[in-house]
Amino acid sequence: MHDWHTALTSLQQYADIQSHDPHCRVGSALISPCGLIAHRDVNQFPRGIANDERWHDVDAKLDLVIHAEQAVLHGYLHDVSGWTMLITKCPCHHCAQAMIQRGISRVICPPYRVGSKWERSHRLAQEMFREAGVNYTELTQ
Ligand SMILES: Nc1ccn([C@H]2C[C@H](O)[C@@H](COP(=O)(O)O)O2)c(=O)n1
């Protein structure tokens, strides 16, 4: 059985080192049914896109960035049906779509910040998880 709080802290440390986002460094990990972290990644610009001042321009950044959840799925093209995804932020609905479509069966993440500009998207993600039978667990500090 995992200590999810420790796993989340360690994933955040990894994101703090690897992500180029000056404002929000997000990590995501794919965990196999036997509990092994098979792959992890962070929010990032697509391959070939320079890590330049666009990270500091919120509109440009949000147009370009691949969320950590999508990055980790793009980077691990084996079957992940029945696997767990651990995330250092609450997922948006686009990432929820991708996770559901790849067969992720459990999502573990912190709760979203009430009043955040992404609140509608987080809520929609949670509704989709519920309907699709994905076990969604929020870790509070
Ligand atoms: N579940 C999430 C939520 C956010 N992000 C990333 C996308 C952006 O790089 C940053 C959010 O930027 P901001 O806080 O400026 O909206 O975090 C992510 O990868 N996964």
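## Around the ligand

In this predicted model, the ligand is surrounded by 16 residues, and the closest of them are Asp21, Lys61, Ala68, Glu69 and Cys90.

Let's look at three of these residues in turn. Lys61 places a polar side-chain atom 2.7 Å from an oxygen atom of the ligand. Glu69 has an N or O atom in its side chain that is 2.7 Å from a nitrogen atom of the ligand. With Cys90, the backbone takes part: one of its polar backbone atoms is 2.9 Å from a nitrogen atom of the ligand.

## How two helices cross

Two packed helices are described by the angle and the distance between their axes. Here, the axes of helix α4 (residues 93–102) and helix α5 (residues 119–132) come within 8 Å and cross at roughly 20 degrees. Angles under 35 degrees count as roughly parallel, so α4 and α5 are roughly parallel to each other. Their crossing is right-handed.

## Where the helices meet

Which residues of α4 meet α5? They are His93, Ala96, Gln97, Met99 and Ile100, and their partners in α5 are Ser121, Leu124, Ala125, Met128, Phe129 and Ala132.

Note on methods. Residues numbered from 1 in each chain as written. Predicted model: local features only at pLDDT ≥ 70, side-chain atom pairs only at ≥ 80, totals over all residues. Heavy atoms only, no water. Axes fitted to C-alpha atoms, helices over the stretch in contact; angles between N-to-C directions. Helix = DSSP H or I, 4+ residues; strand = E, 2+ residues; numbered from the N terminus. Parallel < 35°, antiparallel > 145°, perpendicular 65-115°, else oblique. Left-handed = near helix turned anticlockwise from the far one by under 90°. Contact = heavy atoms within 4.5 Å. Near = heavy atom within 4 Å. Polar contact = N/O pair within 3.5 Å; in protein donor to acceptor, adjacent residues only side chain to side chain.
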